[in-house]
Amino acid sequence: MNGPRIAIVGDGVEAWLFAALFRQLSRRTGTLVVLPLPHRQESGRIALPPVVTDLHRLLRIAPDLIAGFSTPRYGIDIATRDGGRMLLPYGSYGDPDEPGNLVNAWIRLHSEGDAPALAGLSANAALAAGGSPRPDADPRLLRSIVAGWDVDGERYRAILKDAALARDVECSGSAFDPHTPIDADLIVDASEGHALPQSGVGWHGRWLGIGTAAHRLHDAEPFAIAAVFSAAARLASLLPRPDAVALLAREYNRQLAIELAGMEAASAMLERLSRQEARSAALDRHEARYRVAGLLPADPQPWTRDMWLSAFDAMGWRPERYDPNLDRFDTDRSTRRFDEWAALIDQYLPGRP
């Protein structure tokens, strides 16, 4: 088969997810071989972020198949230092298809000191609190709902392995041995931290660290799952050629650095929300821009603008002003829109305590 020979070290969720995704995105170019570990650690329950919906669609994994052994996950559940819990909801505030959505109006009112509580404007928060959508729910409300999954790790791994094998990914009969040379143009460390470290984060020589190897899992949010997706997409666009490996590796690492900064800031925010100390220059920059000008992070991130707003509000941060370029409605009209959206949630997502 034409193309590079790529070996993937590991046989857990991240390894099989990467194998299936890369095979699909690269249009089955080259040869992919999974090298299992001598002693694999079984997965327990795994929290999957909303990006898995796109992954499953790409891999043609039916939603009903996942739903059979999973429960929906409507946000990031955070344990606070005082023993309480808080939710950082997924999804959007207001209809995501509406120009000049509720977020911009909320920031303006918040800077003026008179904004409604964000929790009452989140359909995801209502679902996490026990709400259930009515069959006749308003389409705008349904569009605002975004969910991940809490899955049985072993059953999920089996589905991903089947998806990879169906795409002609090979599974080696020999386990990975760090002392045995590997016959491959590129070696991907998808061992979830269980193999001996071969290089630093990113693509160095013949080794590429992905997933947990590049993004340590945070207790509250599985950044590594999203990182595996982006790693497969980046590598598919930068397929290694013998005459350009160094050039392509530098570009891969440049793009990875942007992603790392975003995930590092999000991880630090989760620690601060749980009242832990966390140093992050990227998060400090996000905080300063929001406090001074009401600007939310817009670079490639693991979180949407709406989720960052939830986190900033939970920290008690208030902007000194707002971006007038995003101002679409006067105060009275904005207030009516907030009331209308909260009423939709109460009407179509009943059942909360």
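This is a predicted model: local features need pLDDT of at least 70, side-chain atom pairs count only at pLDDT 80 or more; totals for chains, interfaces and linings use all residues.
1. A salt bridge here is a side-chain nitrogen of Lys or Arg within 4 Å of a carboxyl oxygen of Asp or Glu. By this rule the count comes to 15 salt bridges.

2. Arg-157 and Asp-11 form one of the salt bridges, with 4.0 Å from N to O. The two residues belong to distant parts of the chain, 146 residues apart. Arg-157 is in helix α7 (residues 153-165), while Asp-11 is in the loop between β1 (5-9) and α1 (13-25). Because its relative accessibility is 11%, Arg-157 counts as buried. Asp-11, at 10% relative accessibility, also counts as buried, since the cut-off for that word is under 20%.

3. Arg-57 and Asp-54 also meet through their side chains in a salt bridge, here with 3.0 Å from N to O. Both are in helix α2 (residues 52-58), and because they are three residues apart, about one helical turn separates them. Is Arg-57 buried or exposed? Its relative accessibility is 56%, so Arg-57 counts as exposed. Asp-54 has 38% relative accessibility and therefore counts as partly exposed.

4. A further salt bridge joins the side chains of Glu-259 and Arg-234, at 3.6 Å from N to O. Glu-259 lies in helix α9 (residues 245-273) and Arg-234 in helix α8 (residues 223-237), so this pair ties together parts that are 25 residues apart in sequence. Both residues of the pair, Glu-259 and Arg-234, are buried.

5. Salt bridges also occur as a network. Arg-272, Asp-284, Glu-287 and Arg-291 are linked in this way.

6. Helix α12 (residues 331-348) can be checked for length. It has 18 residues, which at 1.5 Å a residue should span 26 Å.

7. Which residues of α12 are buried? They are Ser-334, Arg-337, Phe-338, Trp-341, Leu-344, Ile-345 and Tyr-348. These residues lie on the same side of α12, because they cover an arc of only 125° around the axis. Asp-332 and Glu-340, on the other side of α12, are exposed. The cover over the buried residues of α12 includes α4 (102-111), α5 (123-128) and α6 (139-143).

Key
Residues are numbered from 1 along each chain as its sequence is written. Side-chain values use heavy atoms; hydrogens and water are left out. Helices (H or I, at least four residues) and strands (E, at least two) are DSSP runs, numbered from the N terminus. Buried means under 20% relative accessible area, exposed over 50%, partly exposed in between (1.4 Å probe, protein chains only). The expected span of a helix is 1.5 Å times one less than its number of residues. The arc is that of the directions from the helix axis to the C-beta atoms. Contact means heavy atoms within 4.5 Å.
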